[in-house]
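Subject: Structure handover

Hello,

Please find the structure below, followed by notes on what was found in it. Could you look through them when you have time?

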Amino acid sequence: MDDNPENAPEPVASLDHLTGGDEGVQTSLHGETLDVYLRANRRVHIAPARSGSEGGQEIARLHLAAGSYEIEARGDHQIWINKKSVSAHVLRSGDVIEFGNNGPMSRFCLCADEEKPRKVVSEILSEAIAYLRTSRQPIFTRVCRALMSVFRRFAGQTTVLFRLGVIAAITSLGLLVYQQYQINAMLQSDLARERANIEKFAESLAQAREQALTPDDLNTLRDRIDETLTENTGRLEVLEKSRKASARAIAAAAPSVMFLQGSYAFKETSTGRFLRYLAGPDGRTLADARGNPRLTLEGEGPIAEKRYTGTGFVLARGGRIVTNRHVALPWESDANLTAFGGRGLQPEFTRFVAYMPGRVEALPVELVRASDDADVAVLKFTGTSPEVAGLELSSVELTSGDNVIVMGYPTGLRAMLAQAGKSFVMKIREAGETNFWKVAERLSENSFIQPLASQGIVAKVTAATIVYDADTAKGGSGGPVMDSNGMVVGVNAAILPEYGGSNIGVPLEKLQQLLDLVDAGKTASSD
């Protein structure tokens, strides 16, 4: 075995320059003795011994030694190997060399074959980590230099396939960020629409408050009640006499025509929380700049309820209650509220009751089914059904020119208060019982809940509507339209003041179709 180092095979070695002017460059080492020069621009130059400095100063010398290279410092220059100052050192693969005080740094690489080593991502990262570990620069400087070196070497020394992969990854990340931005924009838009819907609901509640009874309203009613009552009584007498309305039919039907009173609110489906009024520390409801009540899903303020009244009537044989769809599902007729359904808020009754003439107690009711193509619905009592004769359906086809009687509770509580008289109005005002529900309770206790009746002539009959001129108003929706014998020929539905006071009702055929569905057990309402 030949122990002479001069006859030993030349190792395949290189210096990977980590910093300085040659940063990112790899220099192969060939020859038994090599001189290392440091040029003015901090570039490392390696040349065979005694071949000339080529403008640099000799800082170290490399000698073949035991299958590697030994490095020795030259002159007064210092060499650091892995952060340790040395005068001579046999290099091992991976050693980091710093040439001179704050000089450039290089990593020694010893390869197993004669092919020039090919850089992969892991090696680039490994060299950056080696620099971070061995550099004597401040940590911030080391990190910045290491990151810049990694980016430059990724861009200049990696394969084309790797670069394309990085570009594809960055592009995918950009598309993902853009998609997330679009999703966030959609969510912001949905939130804006949600806020707009809540503001519309608040405006609707403000309008409902304006229509609610106040002590001032009761004072006005007191001052005008004699005149109004006389006027209404006279008008009804003239109509009944001039049109020969059947007093017996009206009296017989009245116990079956009920006053409906309801309130609903919006509930968050995910949490079950109701939309509430935002209350201040003193418990008073807060309003926005436009005077509308502020609403929130948080806090313990009162539930934001929308209240309304309507009419219904009981049918003979079965005790089913008939009214309008827009009375049974009141939120559908409010254009400001229909958008709530897709925003996580769903309407829900907070109270829905019926008052029967001659009965004191309020009877809870609920929806059985609403028609999908007509403004008519069927309700039922949720408790014990009261004993009432109910109204019969007519078997005679209605035609233009026929007389009809419409019964109901037009204008709701106001009309009944007008009929109750001044003393009753003053009594509930002095007792402070002007609440929406309390007024109805007091009217019922004093037998003032009685339907109004008016007579008219049928102008037109179609498959979808009946048009007639019998007087009615808001609150009378859902009342029965009867012939002079007290038989039901339709359901009062809407007021058309723009057509000379004409009103419309739902034909008996549409009601019968809905009743057939209910009789068949199809009680799922379209809502």
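**A buried histidine**

His 45 counts as buried because its relative accessibility is 17%, where buried means under 20% relative accessible area, exposed over 50%, and partly exposed in between (1.4 Å probe, protein chains only). His 45 is found in strand β4, residues 44-48; helices (H or I, at least four residues) and strands (E, at least two) are DSSP runs, numbered from the N terminus. The side chains of His 45 and Arg 39 are joined by a polar contact of 3.4 Å. A polar contact is a pair of N or O atoms within 3.5 Å; within protein, one must be able to donate a hydrogen and the other to accept it, and residues adjacent in sequence count only if both atoms are side-chain atoms.

**Basis**

This is a predicted model, in which local features need pLDDT of at least 70 and side-chain atom pairs count only at pLDDT 80 or more, while totals for chains, interfaces and linings use all residues. Residues are numbered from 1 along each chain as its sequence is written, and side-chain values use heavy atoms, with hydrogens and water left out.

**Sheet**

Strand β4 also belongs to an open sheet of 5 strands, in the order β4-β3-β5-β6-β9, with antiparallel pairing. Its edge strands are β4 and β9 (88-90), each of which pairs on one side only. Two strands pair if DSSP finds at least two bridges between them. Within the sheet, β3 (residues 33-38) and β5 (residues 57-65) run antiparallel and are joined by 6 bridges. Tyr 37 stands opposite Glu 58 in β5.

**Helix and surface patch**

In helix α7 (residues 413-420), 6 of the 8 residues are buried. They are Leu 413, Ala 415, Met 416, Leu 417, Ala 418 and Ala 420. Gly 421 follows α7 and has a positive phi, near 105 degrees.

Ile 139, Phe 140, Val 143, Leu 147 and Phe 151 make a nonpolar surface patch of about 540 Å². Patches are made of residues with over 30% relative accessible area and no salt bridge: like charges are joined within 9 Å, nonpolar side chains (Val, Leu, Ile, Met, Phe, Trp, Tyr) within 5 Å. Accessible areas come from the Shrake-Rupley method with a 1.4 Å probe; for residues, only the protein chains shown count as cover. Leu 147, found in helix α2 (residues 139-157), is partly exposed at 46% relative accessibility.

**Salt bridges**

A salt bridge is a side-chain nitrogen of Lys or Arg within 4 Å of a carboxyl oxygen of Asp or Glu. By this rule there are 19 salt bridges.

- Glu 268 and Arg 273 meet through their side chains at 2.8 Å, N to O. Glu 268 is buried at 16% relative accessibility, and Arg 273 is partly exposed at 29%.
- Asp 372 and Arg 369 form a salt bridge whose closest N and O atoms are 3.9 Å apart. Asp 372 is exposed at 54%, whereas Arg 369 is buried at 12%.
- Lys 510 and Asp 373 form a salt bridge whose closest N and O atoms are 3.4 Å apart. Lys 510 lies in helix α10 (residues 508-519) and Asp 373 in the loop between β18 (363-370) and β19 (377-381), so the pair ties together parts that are 137 residues apart in sequence. Lys 510 is buried at 18%, and Asp 373 is exposed at 53%.

Regards
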